[in-house]
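Hello,

Here is the structure I promised to send over. Please open it next to this email; my notes follow below.

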Amino acid sequence: MTSALLWLPVMLAIQTSTPAADGELPNWLLGNWAGKGALFEQPANMSLSVCPETGDRGLTLDYQVTGEGNPAIHFTGQADYIPDGKNRWRGRWIGSNGVAHDLTALASDDSFVATWKNAAVETGRTHYQGIAPGQLRVTDYVLRDGGRFEQFASAEYARNSACPALTKKGQ
């Protein structure tokens with residue numbers, strides 16, 4: 001019962017969006033993005049690149065954040081996702097802190113909700129939400145004792161360029 005309660009917020013977020021076609025890249029998410037937001041309640045600058053992997057079968061996500069606090073936080077990470085059917089994706093995340101997480105994600109026409117897990121360290125989720133053409137909201141949560149997700153980062157992004165492979169294809 002407890003694990004079902006943990007997934008309830010993720011499932012409710014997904015149910016409000018239209019499912020994407022199986023194996024289809026979430027085109028609304030593709031590109032290079034720049035944003036401002038908050039990381040641990042401190043102002044931060046963030047960049048995100050979400051581009052197709054070779055053969056358009058998967059996604060590579062590169063993330064960078066620099067907090068404006070003292071001391072300034074600087075963190076980078078990279079994820080690789082591959083579709084595994086029924087709007088689900090699986091992958092692996094590695095951060096500049098050396099911690100790796102297994103990933104699962106659910107996609108729809110305007111959201112991509114990733115759950116990241118490392119049994120020895122932490123579990124969390126990231127919600128990517130298309131809020132308008134060329135605009136993206138990303139919110140990060142970590143699972144706390146008691147089974148509740150606590151927000152620790154959020155940002156709004158604007159797409160500043162297409163992925164290089166997509167530019168070559170004329171998209």
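Strand β1 (residues 31–39) and β2 run antiparallel, with nine bridges joining them. Keep in mind that this is a predicted model.

One of the residues in β1 is Gly37. Its bridge partner in β2 is Ala44. Beyond its neighbours within four places in sequence, Gly37 is in contact with Gln42, Pro43, Ala44, Met46, Ser154 and Ala155. I also checked Gly37 against Val65. The two are 28 residues apart in sequence, and their C-alpha atoms are 9.5 Å apart in space.

Now the wider fold. Ten strands close into a barrel, and the pairing is antiparallel. The order is β1-β2-β3-β4-β5-β6-β7-β8-β9-β10. From one strand to the next, the twist averages 25 degrees.

Next, the cysteines. How many disulfides does a search of the whole structure find? It finds one. This disulfide joins Cys51 to Cys163, with an S to S distance of 2.2 Å. The pair links distant parts of the chain, 112 residues apart. Cys51 sits in strand β2 (residues 42–52). Cys163 lies in the loop between β10 (148–161) and α2 (164–169). Both Cys51 and Cys163 are buried. The torsion about their S-S bond is about -95 degrees, so the disulfide of Cys51 and Cys163 is left-handed.

Best wishes

Note on methods: Residues numbered from 1 in each chain as written. Predicted model: local features only at pLDDT ≥ 70, side-chain atom pairs only at ≥ 80, totals over all residues. Heavy atoms only, no water. Disulfide = S-S within 2.5 Å. Helix = DSSP H or I, 4+ residues; strand = E, 2+ residues; numbered from the N terminus. Buried < 20%, exposed > 50% of the residue type's maximum accessible area, 1.4 Å probe, protein only. Pairing = 2+ DSSP bridges. Axes fitted to C-alpha atoms, helices over the stretch in contact; angles between N-to-C directions. Contact = heavy atoms within 4.5 Å.
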